[in-house]
Amino acid sequence: MTKNNMQHFPLRLGDIAPDFQQQSTEGLISFHAWKTGKWAIFFSHPKNFTPVCTTELGEASRLKPEFDRRSVKVLGLSVDHLEDHKKWVGDIQETQGTALNFPLLADDDRKVSSLYDMIHPNANDTFTVRSVFIIDPQNKIRLILTYPASTGRNFTEILRVIDSLQMTDQFKVATPVNWKPGDDVIIVPSLQDLEELKKLFPKGYKTLKPYLRITPQPKG
Ligand code: BEZ
């Protein structure tokens with residue numbers, strides 16, 4: 001961190017998500033305190049009163065029961081003013097059939113978007129791009145995704161990654177290409193002890209290669 005508390009190097013997986021305080025539609029947010037003990041999805045969108053963003057905030061609100069079930073808090077950001085956010089919330093409810101049910105940061109001083117490198121000047125020097133951070137209960141960054149302004153995010157994919165992270169944190173497995181909850185998983189190659197394998201995977205496993213072993217998804 002520099003003197004003014006701005007981070008000037010890229011955030012990477014495994015880094016601690018920087019803490020901040022910023023105003024939001026639900027009052028002042030102190031990020032680490034706000035998410036204590038929970039996972040978080042923190043995402044930026046380019047601008048208020050824009051069509052793609054309106055659909056994204058509707059979808060993220062509709063998915064609240066899915067986020068709650070996974071102990072995930074949701075936080076949005078744009079560089080517009082709080083008063084604008086409050087006006088836009090009415091449009092989201094009217095057009096998306098659901099009320100906004102998570103806080104939206106009003107980052108008009110660009111403090112947080114700079115800290116999280118959400119403004120990519122060669123794409124647009126004022127709007128934030130569509131950044132997504134998945135942050136775990138220990139405040140570690142576990143996923144970083146960046147979408148262009150013209151492409152709305154796929155929240156089903158974001159939930160899928162959370163499901164993968166939560167399971168692979170608990171069991172000695174990884175998830176293969178295009179995995180969906182309920183599909184078979186891969187046993188981590190570092191696990192080679194036969195007794196431990198038998199204990200951890202009582203349903204058995206198929207060995208395609210010594211490093212590629214498939215087993216039914218363990219249940220938490
Ligand atoms: C949108 O959310 O619709 C949008 C925002 C900025 C540029 C292009 C589209």
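This report walks through the fold, the ligand site and the salt bridges of a predicted model.

## Ground rules

Since the model is predicted, local features need pLDDT of at least 70 and side-chain atom pairs count only at pLDDT 80 or more, while totals for chains, interfaces and linings use all residues. Numbering starts from 1 along each chain as its sequence is written, and side-chain values use heavy atoms, with hydrogens and water left out.

## The chain as a whole

The protein chain has 7 helices and 11 strands. Along its principal axes, the C-alpha trace spans about 60 × 45 × 35 Å.

Of the 220 residues in the protein chain, 42% are buried. Here buried means under 20% relative accessible area, exposed means over 50%, and partly exposed sits in between (1.4 Å probe, protein chains only). The accessible surface of the chain comes to about 11,500 Å², with 54% of that belonging to carbon and sulfur atoms; areas come from the Shrake-Rupley method with a 1.4 Å probe, and for residues only the protein chains shown count as cover. Take the contacts (heavy atoms within 4.5 Å) between residues at least 6 apart in sequence, and 66% of them join residues at least 24 apart.

## Around the ligand

The shell around the ligand is made of Pro46, Thr50, Pro51, Val52, Cys53, Arg130 and Ala149, where a residue gets in if one of its heavy atoms lies within 4 Å. By class that gives 5 nonpolar, 1 polar and 1 charged residues. For the bookkeeping, Ala, Val, Leu, Ile, Met, Phe, Trp, Tyr, Cys and Pro count as nonpolar, Asp, Glu, Lys and Arg as charged, and the others, Gly among them, as polar. Helix α2 (residues 51–62) gives the most to this shell, with 3 residues.

Now for the polar contacts, meaning N or O pairs within 3.5 Å (within protein, one atom must be able to donate a hydrogen and the other to accept it, and residues adjacent in sequence count only if both atoms are side-chain atoms). A polar backbone atom of Val52 sits 2.7 Å from a ligand oxygen. Thr50 brings a polar side-chain atom to 3.0 Å from an oxygen atom of the ligand, and a side-chain N or O atom of Arg130 is also 3.0 Å from a ligand oxygen. On its own the ligand exposes 270 Å², and the protein buries 76% of that.

## Salt bridges

The structure holds 15 salt bridges, each a side-chain nitrogen of Lys or Arg within 4 Å of a carboxyl oxygen of Asp or Glu. Arg130, from the ligand shell, pairs with Glu56 at 2.9 Å, N to O. Glu56 lies in helix α2 and Arg130 in strand β6 (residues 130–135), so this pair ties together parts that are 74 residues apart in sequence. Glu56 is buried at 3% relative accessible area, and Arg130 is buried at 2%.

Other pairs sit in other surroundings. Arg142 and Asp136 come together with their closest N and O atoms 3.1 Å apart; Arg142 is partly exposed at 22%, whereas Asp136 counts as buried at 4%. Glu195 and Lys198 bridge at 3.8 Å, and being 3 residues apart in helix α7 (residues 194–200), they are separated by about one helical turn. Glu195 is exposed at 55%, and Lys198 is exposed at 58%. There's also a salt-bridge network linking Glu66, Arg69, Arg70 and Asp163.

Key
Helices (H or I, at least four residues) and strands (E, at least two) are DSSP runs, numbered from the N terminus.
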